[in-house]
Amino acid sequence: MEISSELEDTLLGVLSRFKGKKGVLIQALHAVQNIVGYLPPSVLRIVARELDVPLSEVYGVVTFYHFFSMKPRGKHVIQVCLGTACYVRGGQEILDKIQKELGIGVGEVTEDGLYSVEVMRCAGACGLAPVVRIDNDVHKRVNPSQIMEIISNYT
Ligand code: FES
């Protein structure tokens with residue numbers, strides 16, 4: 001992704017709030033992702049430079065946490081939990097249904113830019129499996145037959 005000078009100025013302004021502070025990399029990446037929508041390599045280089053953090057460390061954090069994405073995301077991000085509890089209670093079936101109905105695979109965005117699909121590893125609600133998170137909402141005990149109706153509420 002090529003960064004326009006306006007976007008770079010905006011990012012520099014945001015990152016200036018974190019400069020010289022310790023333990024702020026995750027916060028800074030959140031702030032930047034909220035602006036750009038995702039974290040392509042060109043943006044990660046700016047973050048590393050401005051915060052004076054090795055680029056390898058920035059990549060390490062971005063690839064470790066599921067809430068960071070290096071690819072463009074849809075307006076609504078659907079995350080299907082495939083941790084053990086959710087998997088055995090139908091998580092894969094839910095994921096298959098979503099992919100079939102939306103016509104996209106994991107990590108892809110629908111043509112209208114409305115949805116993207118991701119997989120996550122344990123949302124911390126195993127007792128209420130299977131779990132699907134859409135944006136900041138956690139849907140519990142999801143039945144595959146209901147999932148598209150749930151998704152249709154996000155427009
Ligand atoms: S395995 Fe899905 S919430 Fe824990």
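User: What share of the accessible surface of the protein belongs to carbon and sulfur atoms?

Analyst: This is a predicted model, in which local features need pLDDT of at least 70, side-chain atom pairs count only at pLDDT 80 or more, and totals for chains, interfaces and linings use all residues. Residues are numbered from 1 along each chain as its sequence is written, and side-chain values use heavy atoms, with hydrogens and water left out. The accessible surface, from the Shrake-Rupley method with a 1.4 Å probe, comes to about 8600 Å². The share belonging to carbon and sulfur atoms is 49%.

User: What percentage of the residues of the protein count as buried?

Analyst: A residue is buried at under 20% relative accessible area, exposed at over 50% and partly exposed in between (1.4 Å probe, protein chains only). Among the 155 residues of the protein, the buried percentage is 47%.

User: In what order do the elements of the protein run from the N terminus?

Analyst: Helices (H or I, at least four residues) and strands (E, at least two) are DSSP runs, numbered from the N terminus. The protein has seven helices and four strands. Their order is α-α-α-α-β-α-α-β-β-β-α.

User: How are H2 and H4 oriented to each other?

Analyst: Helix H2 (residues 25-36) and helix H4 (residues 55-64) have axes 11 Å apart and an angle of about 70°; axes are lines fitted to C-alpha atoms over the stretch in contact, and angles run from 0 to 180 degrees between N-to-C directions. Angles under 35 degrees count as roughly parallel, over 145 as roughly antiparallel, 65 to 115 as roughly perpendicular and the rest as oblique. H2 and H4 are therefore roughly perpendicular.
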